[in-house]
Amino acid sequence: MSSLAAVKPSTFKDLGIHPDLVRVLDAQGITTPFPIQEATLPDAIAGHDILGRGQTGSGKTLAFGLALLNNIYGKKAKPHQPLALVLAPTRELAQQIDEVLRPLARAIGQDSVVIAGGMPYGKQVNALKKATSILVATPGRLIDLLEKNEVRFDALQITVLDEADQMADMGFLPVVKQILNQTKKGGQRMLFSATLDRGVDGLVRQYLSEPK
């Protein structure tokens, strides 16, 4: 018999995820973290800025989503003042992220809303009035709502940029910077991208503080 004990895979509980969230993951049959989740979750839960390189399908939505939810656990949003923001390049991706986050958010008494063009404006404004804690947004619609004072970042604690390289390809970086300039200094920021080309490295240098 080998003297080397088998290495036991990490669980979400091992990584520091709140039991209420672990229960929802278990119910969905999600029990073993992906490598990007193992690599980033402990540092993200500790409040560090995170720079994650990962392709679509690598599990990064749960990597930033679980950390985000863990870190706003027990906190309450005010009308028009979300606690967390996820920026995505397209409405389709924003909707996919929201589908992953929403059941987990509701398990801990939080809620999320998609803020994107091509969707009913009134419904998004109403969600903001109801003190929705998590915005999953595309840059264009979000900047529009910021300019109308329907969104304020006074209480924002966590900002996530997903698919940052795709945002650069689509010409969104100036708007993304405009949005990030309105978020609080000292808030947690997480950036996920398949590459660091086309200005993404500049975003990292400008907006992330000693990222893990």
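## Exercises on a predicted model

F64 and F192 are both buried, where buried means under 20% relative accessible area, exposed over 50% and partly exposed in between (1.4 Å probe, protein chains only). The model is predicted, so local features need pLDDT of at least 70 and side-chain atom pairs count only at pLDDT 80 or more, while totals for chains, interfaces and linings use all residues. Residues are numbered from 1 along each chain as its sequence is written, and side-chain values use heavy atoms, with hydrogens and water left out.

**Exercise 1.** State how many helices and strands the protein has, and check its radius of gyration against the globule rule.

*Solution.* Step 1: the secondary structure comes to nine helices and six strands; helices (H or I, at least four residues) and strands (E, at least two) are DSSP runs, numbered from the N terminus. Step 2: a compact globule of 212 residues would have a radius of gyration near 17 Å, and the protein has 17 Å, so the two agree. The radius is taken over C-alpha atoms, and the rule is 2.2 Å times the number of residues to the power 0.38. Step 3: along the principal axes, the C-alpha atoms fill a box of roughly 70 × 40 × 30 Å. Step 4: buried residues make up 51% of the 212 residues.

**Exercise 2.** Find the aromatic pair and describe its geometry.

*Solution.* Step 1: rings of Phe, Tyr and Trp (its six-membered ring) pair if their centres lie within 6.5 Å; planes under 30 degrees apart count as stacked, over 60 as edge-to-face and the rest as tilted. Step 2: this rule gives one aromatic pair. Step 3: the pair is F64 with F192, tilted, at 5.6 Å centre to centre and 55° between the planes. Step 4: F64 lies in helix α3 (residues 60–71) and F192 in strand β6 (residues 188–193), so the pair ties together parts that are 128 residues apart in sequence.

**Exercise 3.** Describe the surroundings of F192.

*Solution.* Step 1: F192 has a relative accessible area of 0% and is buried. Step 2: leaving out residues up to four places away in sequence, F192 touches, among others, I36, I50, G52, F64 and L161; contact means heavy atoms within 4.5 Å. Step 3: T61 is 131 residues from F192 along the chain, and their C-alpha atoms are separated by 9.3 Å. For contrast, take R23 in helix α1 (residues 19–27). R23 counts as exposed, at 52% relative accessibility.

**Exercise 4.** Work out how strand β4 is placed.

*Solution.* Step 1: in β4 (residues 134–137), I134 and V136 point one way, L135 and A137 the other way, and all are buried. In a regular strand the side chains alternate between the two faces of the sheet. Step 2: β2 (residues 84–87) runs parallel to β4, joined by four bridges; strands pair if DSSP finds at least two bridges between them. L87 stands opposite A137. Step 3: β3 (residues 112–115) also runs parallel to β4, with four bridges, and V113 has L135 as its bridge partner. Step 4: β3, helix α5 (residues 121–129) and β4 make a right-handed β-α-β unit. A crossover is right-handed if, with the strands pointing away from the viewer, the path from the first strand over the helix to the second runs clockwise.
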